[in-house]
Amino acid sequence: MSKRWYVLHARSGYEAKVKTAIEDAVVRDGLEDLIAEVMVPTEQVVELKDGQKKTAERKFFPGYMLVKMELTEPSWLLVKNTNNVIGFIGGSSGKPSPITQREVDKIMARVQEGADKPKPKVAYQPGEEILVIDGPFNEFNGTIEAVDYDKSILKIEVLIFGRTTTVELEFSQVEKT
């Protein structure tokens, strides 16, 4: 029997503690050959704090984790009986079903993409009102015309001397109003 990926539902906010608890229990009980990996799918996001760009991690599926394991009675009981674990997703209560390799590949690609190119923490949409907080247009209000997530740039329409002008600003130079 080979190891497959299963989705685990944990209490939201406790994913890291559950991951550590499962990993510790695997070593303690000698089940390394049954449970290979526990993963909390996250992506890197860039946020502006105190005028500085900081990278942080954000969970894509809060409250859900992936466990790569061979489904046996001991491995199933170890995971299921870990504190803050609600249960497995899919299948029946006694026999969870694994997710497909295609689903695993999509999640892994998203994790890798987030590590290679962090996304902004805040999503912008054309037509939204924003406030410029940095640069020559500081304290100006504007409307988003276009968003370029690859370059982290917004095209914004601002009112200067009674005329509307389009300017390009970085995500870090604006905030939503």
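Is glutamate 23 buried, partly exposed or exposed? At 33% relative accessibility, glutamate 23 counts as partly exposed, where buried means under 20% relative accessible area, exposed over 50%, and partly exposed in between (1.4 Å probe, protein chains only). This is a predicted model, in which local features need pLDDT of at least 70 and side-chain atom pairs count only at pLDDT 80 or more, while totals for chains, interfaces and linings use all residues. Residues are numbered from 1 along each chain as its sequence is written, and side-chain values use heavy atoms, with hydrogens and water left out.

**Confidence**

- The average pLDDT of the chain is 87, and 92% of the residues score at least 70; pLDDT is the predictor's confidence in each residue, from 0 to 100.
- Among the elements of the chain, helix 1 has the highest mean pLDDT (95) and strand 7 the lowest (66). Helices (H or I, at least four residues) and strands (E, at least two) are DSSP runs, numbered from the N terminus.
- Where pLDDT is low, the predicted coordinates should not be read in detail.

**Glutamate 15 in helix 1**

- Helix 1 covers residues 15-29, and glutamate 15 is found in it.
- Glutamate 15 counts as buried because its relative accessibility is 1%.
- The side chain of glutamate 15 comes to 2.5 Å from the backbone nitrogen of glycine 63. This is a polar contact, meaning a pair of N or O atoms within 3.5 Å; within protein, one must be able to donate a hydrogen and the other to accept it, and residues adjacent in sequence count only if both atoms are side-chain atoms.
- Neighbours within four places in sequence aside, glutamate 15 is in contact (heavy atoms within 4.5 Å) with residues including Val40, Lys59, Tyr64 and Met65.

**Salt bridges**

- You can look for 7 salt bridges in the structure; each is a side-chain nitrogen of Lys or Arg within 4 Å of a carboxyl oxygen of Asp or Glu.
- One of them joins the side chains of lysine 19 and glutamate 23 (2.7 Å, N to O). These two residues are 4 residues apart in helix 1, so about one helical turn separates them. Lysine 19 is partly exposed, with a relative accessible area of 25%.
- Arginine 28 and aspartate 29 also form a salt bridge, with their closest N and O atoms 3.1 Å apart. Arginine 28 counts as exposed at 63% relative accessibility, whereas aspartate 29 is partly exposed at 41%.
- In the salt bridge of lysine 155 with glutamate 168, the closest N and O atoms are 3.9 Å apart. Lysine 155 lies in strand 10 (residues 153-160) and glutamate 168 in strand 11, so the pair ties together parts that are 13 residues apart in sequence.
- A network of salt bridges links Glu43, Arg58 and Arg110.

**Aromatic rings**

- The charged end of arginine 110 sits over the ring of phenylalanine 60, 4.0 Å from its centre. For this, NZ of Lys or CZ of Arg must be within 6 Å of the ring centre and within 35 degrees of the ring normal.
- Rings of Phe, Tyr and Trp (its six-membered ring) pair if their centres lie within 6.5 Å; planes under 30 degrees apart count as stacked, over 60 as edge-to-face and the rest as tilted. By this rule there are 4 aromatic pairs.
- Tyrosine 124 and phenylalanine 171 make a tilted pair, at 5.1 Å centre to centre and 45 degrees between the planes. Both tyrosine 124 and phenylalanine 171 are buried.
- Phenylalanine 137 and phenylalanine 140 form an edge-to-face pair, because their ring centres are 6.0 Å apart and their planes stand at 85 degrees.
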